[in-house]
Amino acid sequence: MSSPAPVAVIPPLGILPLARTAVDRGSDRRIAADLFEQIRTGPATRVMYMAGGRALISDTEVVLSPVAESGFGAVPVYLGRTLADAQEPAGTDVVLVTLAQEDPLLENDGARWASLRDAAVLLGELDTALFVEAAAISNWHATHTHCPRCGAPTVPEQGGWVRRCTEDGSQHFPRTDPAIIVAITDPADRLLLGSAAAWKGNRYSTLAGFVEPGESLEGAVIREVAEESGLRVHSPQYMGSQPWPFPCSLMLGFTARTEDPAATPDGVEISDVRWFTRQELGEAVASGEITIAGGISIARNLIEQWYGRPIAEPDAGARA
């Protein structure tokens with residue numbers, strides 16, 4: 001008797017904008033010491049350039065360039081093989097090359113340098129996956145040039161996914177900081193949004209915070225909400241996740257409920273909190289009274305999942 005076909009389990013928020021998987025990252029290939037020499041002259045090898053957190057974009061695609069005659073530079077990172085035909089055939093090896101500054105000589109045929117925040121709303125599945133991966137690993141290399149144990153310089157290994165200390169030989173791996181983000185509702189099914197003290201203008205979003213060492217995700221939801229708004233919430237429910245490489249977070253979305261809606265901002269991280277009915281939120285956004293998180297963010301997806309449909313706004317830009 002044949003086994004039943006596997007069933008894909010999709011979280012309630014679905015596949016979020018920055019959570020697409022379109023690249024085989026090739027962890028088995030990274031361990032080859034001569035990986036970059038193997039693929040340097042291959043016909044199916046392309047380079048993705050980044051500088052200062054920005055990549056080369058052409059229309060709705062990340063620019064994937066042929067390998068330069070000089071090779072990949074000092075700190076190349078193997079991003080993997082593409083899984084589907086797009087601008088390049090499936091099976092194309094892609095290498096990240098991070099430049100010290102943007103090179104205008106690469107800006108051919110209308111290509112421009114753009115950040116992930118600006119470009120993600122324009123890109124397809126493959127290009128988004130490459131950009132998210134590249135942004136996260138590039139940020140890690142920029143901040144881990146020295147060993148945290150002894151301070152000696154570190155050098156990249158294993159396709160750019162490990163840095164080894166030149167003094168004590170310790171290995172250091174890319175890190176991801178988990179953070180919860182939560183849509184809170186009260187007995188009247190209103191949604192709580194907060195405005196961070198560091199934000200300019202009347203920008204509001206769902207509450208969020210980093211998971212502390214030795215803490216569960218559910219515990220982080222309850223603690224962070226209490227710290228930022230004074231609310232006691234219960235019944236946290238996982239809704240979905242996506243990477244947020246600004247610089248190295250993984251955002252884990254939740255819903256939670258409170259029975260007592262008396263909220264007070266902490267005055268440090270959060271300057272204001274407001275409850276909204278669906279009508280109130282729709283009118284406040286449409287009129288420009290407030291702005292909310294942009295379309296690529298998990299916050300926007302949590303808000304619209306509660307709202308029941310996309311929220312119209314005066315300028316639907318790529319705010320995060």
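A: Let's start with a term: a residue is buried under 20% relative accessible area, exposed over 50%, and partly exposed in between. Keep in mind that this is a predicted model.

Q: Then how does F246 count, and why?
A: F246 has 27% relative accessibility, so it counts as partly exposed. W244, on the other hand, is buried because its relative accessible area is 13%.

Q: What kind of aromatic pair do W244 and F246 form?
A: Planes over 60 degrees apart count as edge-to-face. Here the angle is 75°, with 4.7 Å centre to centre, so W244 and F246 are an edge-to-face pair.

Q: How many aromatic pairs turn up in the whole structure?
A: Five. One of them joins Y204 and F276, again edge-to-face, at 6.4 Å centre to centre and 80° between the planes. That pair links distant parts of the chain, since Y204 is in strand β13 and F276 in strand β17, 72 residues apart. Both rings belong to buried residues, and R274 lies over the face of Y204, 5.7 Å from the ring centre.

Q: And pockets: which residues lie nearest the centre of the largest one?
A: I181, W199, A208, W244 and M251, out of 34 lining residues.

Q: What about the second largest pocket: which element gives the largest share of its lining?
A: That's α4, with five residues. This pocket holds about 280 Å³ of space.

Key: Residues numbered from 1 in each chain as written. Predicted model: local features only at pLDDT ≥ 70, side-chain atom pairs only at ≥ 80, totals over all residues. Heavy atoms only, no water. 1 Å grid on protein atoms, 1.4 Å probe; cavity = no way out; pocket = protein on both sides within 12 Å on 5 of 7 lines; lining within 4 Å. Points joined across faces, edges and corners; volume = space filled by probe spheres on them. Helix = DSSP H or I, 4+ residues; strand = E, 2+ residues; numbered from the N terminus. Phe/Tyr/Trp six-rings, centres within 6.5 Å; stacked < 30°, edge-to-face > 60°. Buried < 20%, exposed > 50% of the residue type's maximum accessible area, 1.4 Å probe, protein only. Lys NZ or Arg CZ within 6 Å of the ring centre and 35° of its normal.
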